[in-house]
Each structure stands twice: as C-alpha cells, then as structure tokens.
Amino acid sequence: MRIDRFVTNLPGFTRQQARLALALGEVLVDGQAVQDPCLDIRPFNSVTVRGEHVQLGYPARYLMLHKPAGCVSATSDPEHRTVLDLLPDDERADLHLAGRLDYNTTGLMLLTNDGQWSRRLTQPDSKLPKLYYVETEQPIEAHYSQVFAAGLYFAYENLTTRPAQLTVLGPRQAHLTLVEGRYHQVKRMFGHFQNKVTRLHRLAVGPLTLDPALEPGESRPLTPAELQSLSASPA
Ligand code: URA
C-alpha cells in the first residue's frame, strides 16, 4: 500500500494531514523519514508516525534449500513428504516456495515469506536464467542445441519456448539454461527427441548458485549479498 494511503487510514488522519506529516518528515519507514507519497509499504517495513510506532514490521525470510529426490514442491501433501517438511517445525510457519521442481528433480529451491519477491521470480516468462544439469537415457545429439536455441512449440500453451542454451558435457549429460519456467519444461524439451530425462538437478537461479556445502535436504538463509545480486538481475 502507498504510504500516503497507509497514513490516511490511521485514526485521526485525513488525506491532507497525511500529506502534511509526510512533507514535514514526520513519517519514518525503517527509521528513515520519507516524503514520497507513492512509496510502497510492505508488512516487512516498520513505520513510525509522529513518534508513534504504528507498524512494527516483521522479518522477511529468504532461504535456499537443496531439494532431495522423492519430495514434492508443495507446502502440504496428503501422501508425500514436502519440501517444507525438511525444515524444523518452528522455521516453516509462514514460508512458501518460490518456484517448483518435480518430485525426483533435485537441487536449488528458494523459500520465502515475501510474496512480492517470489512472484517476481516465478512468473512463467521471468527472464532469470535457470541452470540445470541433465542426464538422459539416449545419447544427446549435436543438433539438439540448435533446436533448443530456436525454441520448441508447446501446443498445450500455444507458445514457442524462448531460446535455451545447451552445453553437452558427455554422451548423455548436459547443462541446459532456460530463461522461463514452463510446466515440466526440461523433460518436454528432451521428450521432443523421445529422449527421457533420467536425472535433473537445478544448479542455479539467476546469480544464485546452490551452495555446495548444503547436503540434500539442508537449507540456509540467503546472504545479503545474494539477495542484492538477485534484485539487481533482470526478471
Ligand atoms: N523442468 C522439468 O521438466 N522438471 C523440473 O523439475 C524443472 C524443470
């Protein structure tokens, strides 16, 4: 919500009084006087008006997790272990997933309580590159690279995938970088060649790479530098 509306909604403030309080530097957001009436206020911000704390702000949380195989990317599931079940009870309360990986896909997952942050990351046409390590049943042939770079038509969504970059590492191993996140995208892309993906592991999302110190199932908070690098990336 805009700060001018936020202040107007406080008891005893009209729109004009809110604007005046802003102009006089009587409104502090996270300890700083703000004058821009359009500033967006979020639940994570503390707000003080004329010396009175009107919103304390609660801590935003951002985690990276090494997803193991055999768990679902969901906050609850009647049958299977979920990614959130990997966290201690007292840590999972308000978290949700910023993006999904399939049941047997492993690697980097991001969790947060900041809906605006996760929406930016998970829009299907987000331009943030996602790097996958892929193993396949059949040999990966040289011409796959051109086909992936040109884009593949997905009839269900009636779209052509954005250029993807394939780096062949071995007869059945490759790195694939996608700049979008369509449903089962990697498997469908290799499926175009009737080549089944037998192992899929996400190594990076934009500038964030999976911390090699994290064992499958482990997580840690993102560092300020990691958060900063992500907000500086195009999405
Ligand atoms: N593409 C897939 O097919 N599966 C995943 O888990 C992620 C990307």
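## Two domains

Domain bounds here come from an automatic or database domain assignment. For this predicted model, that assignment divides the chain into domain 1, covering residues 3-55, and domain 2, covering residues 62-232. If you take the C-alpha centres of domain 1 and domain 2, they sit 40 Å apart.

## Around the ligand

Now to the ligand and its neighbours. The residues that surround the ligand are Leu101, Asp102, Thr105, Tyr132, His184, Gln185, Val186, Lys187 and Leu200. Helix H6, which spans residues 185-191, supplies the largest share of the shell, with 3 residues.

The space that the ligand takes up is the largest pocket.

## Backbone contacts and cover

Which backbone atoms lie 3.1 Å or 3.3 Å from the ligand? Let's go along the chain. At His184, a backbone N or O atom is 3.3 Å from an oxygen atom of the ligand. At Val186, a polar backbone atom lies 3.1 Å from a nitrogen atom of the ligand. At Lys187, a backbone N or O atom is 3.1 Å from an oxygen atom of the ligand. On its own the ligand has 240 Å² of accessible area, and the protein covers 95% of that.

How values were computed: Residues numbered from 1 in each chain as written. Predicted model: local features only at pLDDT ≥ 70, side-chain atom pairs only at ≥ 80, totals over all residues. Heavy atoms only, no water. Near = heavy atom within 4 Å. Polar contact = N/O pair within 3.5 Å; in protein donor to acceptor, adjacent residues only side chain to side chain. Areas by Shrake-Rupley, 256 points an atom, 1.4 Å probe, with all protein chains shown as cover. 1 Å grid on protein atoms, 1.4 Å probe; cavity = no way out; pocket = protein on both sides within 12 Å on 5 of 7 lines; lining within 4 Å. Sits in = over half its atoms within 2 Å of the grid points. Helix = DSSP H or I, 4+ residues; strand = E, 2+ residues; numbered from the N terminus.
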